[in-house]
Amino acid sequence: MKWGLVGASTIASEYVIGAIRAAGHEIVSVLSSSETRGADYAAKHDIAHSTADLAALLADRSLDAVYISTTNEKHHAQAMAAIAAGKHVLCEKPLAMTLDEAVEMVRAAQAAGVTFATNHHLRNAGAHLAIRDLIATGRVGRVLSVRVFHAVHLPAHLQGWRINDAAAGGGVIPDIVVHDADTVRFHLGEDPVEVSARATSSGMGQGVEDSVMSVWSMPSGAMVQTHESFTHPFAGSGLEVHGTEGSILGTGIMTQKPLGGVVLVNGEGRHEVAFDRHDLYGRAVSLFADAVAGRGRVAADGVDGVKSLAVALAVREAAVSGQATPVSYGGF
Ligand code: NDP
């Protein structure tokens, strides 16, 4: 496959360019709002073409797909243009700034018959695939609760728009709650119905929240508790699933790398759970390419992206209003 990068981003540079190339695909071009930055980025990453003109990038008939990893407020317009040009789209989370925009993107991709995926990396992790398997095969019995620990320390090189630019989609809610929403949906196979939340700025956020805690109710009656932050240097991450027959304790697994550990605790004791340590982004790209070729489905599709955004928007509304807030999924 031939790809264009929409956005000269850190995530592309650190993870996705490598994942695309590891899958044997070619990156033909990169879009940056700055011609100089784009040219530098292309040179650094050995990409043949750079441009500041999205229409010019999309006019390249040899391109099969685009990977959109600009700041969040740009995803909608760029995805709509790419879909209109007949390109398959792998789009970063959050899909958009509003639910209506995200729904429009997904419906447009469906109408155009192009593959559309949301880059939720966590559901590609061996640790999370193992956890989902344990739940699905009844190893914890009926799930009573899930606790998500995703309070991390935002690295210095990422402390730009995320911590000070609400118009670009900054704040920990659009940044991390979407991932946790996707991961919980992936594990439980159901969508949160209502959320309550408190958010604050605890030292990093300037005009946007940098920390949030929320509680979600699920259709099954399971309770979900999550904590996301940019300001916790030593907290570590984790995800726990507690059921009537056992508990799953995942430690250090809310991460971009195939790290951490998973333990199953039940009446017979504690059992280390083995899992595959493949590259998360590599799996996402491979499944995307398979879906483009008509084989199977992407890891997280557009509807998954709409739903993770819907939960994050409800968490933000609940944090602002102080009220329990129902989650609206825009018709999905
Ligand atoms: P960056 O800040 O690195 O990139 C976003 C945009 O900022 C780029 O498109 C670029 O604009 C501009 N930019 C980047 N570096 C510089 C610089 N040194 N000087 C000036 N401008 C710069 O953001 P991220 O890569 O962290 O995030 C991009 C998107 O990816 C977001 O939507 C985010 O939510 C998502 N993301 C997803 C992750 C995942 O695991 N799924 C992980 C991290 C991010 P231009 O293109 O115009 O040059």
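A residue is near a molecule or strand if one of its heavy atoms lies within 4 Å of that molecule or strand. The model shown in these views is predicted: local features need pLDDT of at least 70, side-chain atom pairs count only at pLDDT 80 or more, and totals for chains, interfaces and linings use all residues. Residues are numbered from 1 along each chain as its sequence is written, and side-chain values use heavy atoms, with hydrogens and water left out.

**View 1. Surroundings of the ligand.** The ligand is surrounded by 25 residues, of which the closest are Thr-10, Ser-32, Ser-33, Asn-72 and Tyr-281. By class, this shell has six nonpolar, 14 polar and five charged residues; Ala, Val, Leu, Ile, Met, Phe, Trp, Tyr, Cys and Pro count as nonpolar, Asp, Glu, Lys and Arg as charged, and the others, Gly among them, as polar. At least two shell residues come from each of helix 1 (10-22), helix 7 (161-164) and helix 8; helices (H or I, at least four residues) and strands (E, at least two) are DSSP runs, numbered from the N terminus.

**View 2. Oxygen atoms of the ligand.** An oxygen atom of the ligand is 2.6 Å from an N or O atom in the side chain of Asn-72. For the side chain of His-75, the distance from an N or O atom to an oxygen atom of the ligand is 3.1 Å. A polar backbone atom of Ala-8 is 2.8 Å from an oxygen atom of the ligand. On its own the ligand has 880 Å² of accessible area, and the protein covers 78% of this (Shrake-Rupley method, 1.4 Å probe).

**View 3. His-88 in strand 5.** His-88 lies in strand 5 (residues 88-91) and is buried, with a relative accessible area of 15% (buried means under 20%, protein chains only). The side chain of His-88 reaches the backbone nitrogen of Thr-115 at 2.9 Å. Beyond its neighbours within four places in sequence, His-88 is in contact with residues including Asp-64, Val-114 and Phe-288 (contact means heavy atoms within 4.5 Å).

**View 4. Ala-82 in helix 4.** Ala-82 belongs to helix 4 (residues 75-84) and is buried, with a relative accessible area of 1%. Apart from neighbours within four places in sequence, Ala-82 is in contact with Leu-58, Val-66, Lys-87 and Val-89. Ala-82 and Ala-109 are 27 residues apart in sequence, and their C-alpha atoms are 9.4 Å apart in space.

Terms used
Buried means under 20% relative accessible area, exposed over 50%, partly exposed in between (1.4 Å probe, protein chains only). A polar contact is a pair of N or O atoms within 3.5 Å; within protein, one must be able to donate a hydrogen and the other to accept it, and residues adjacent in sequence count only if both atoms are side-chain atoms.
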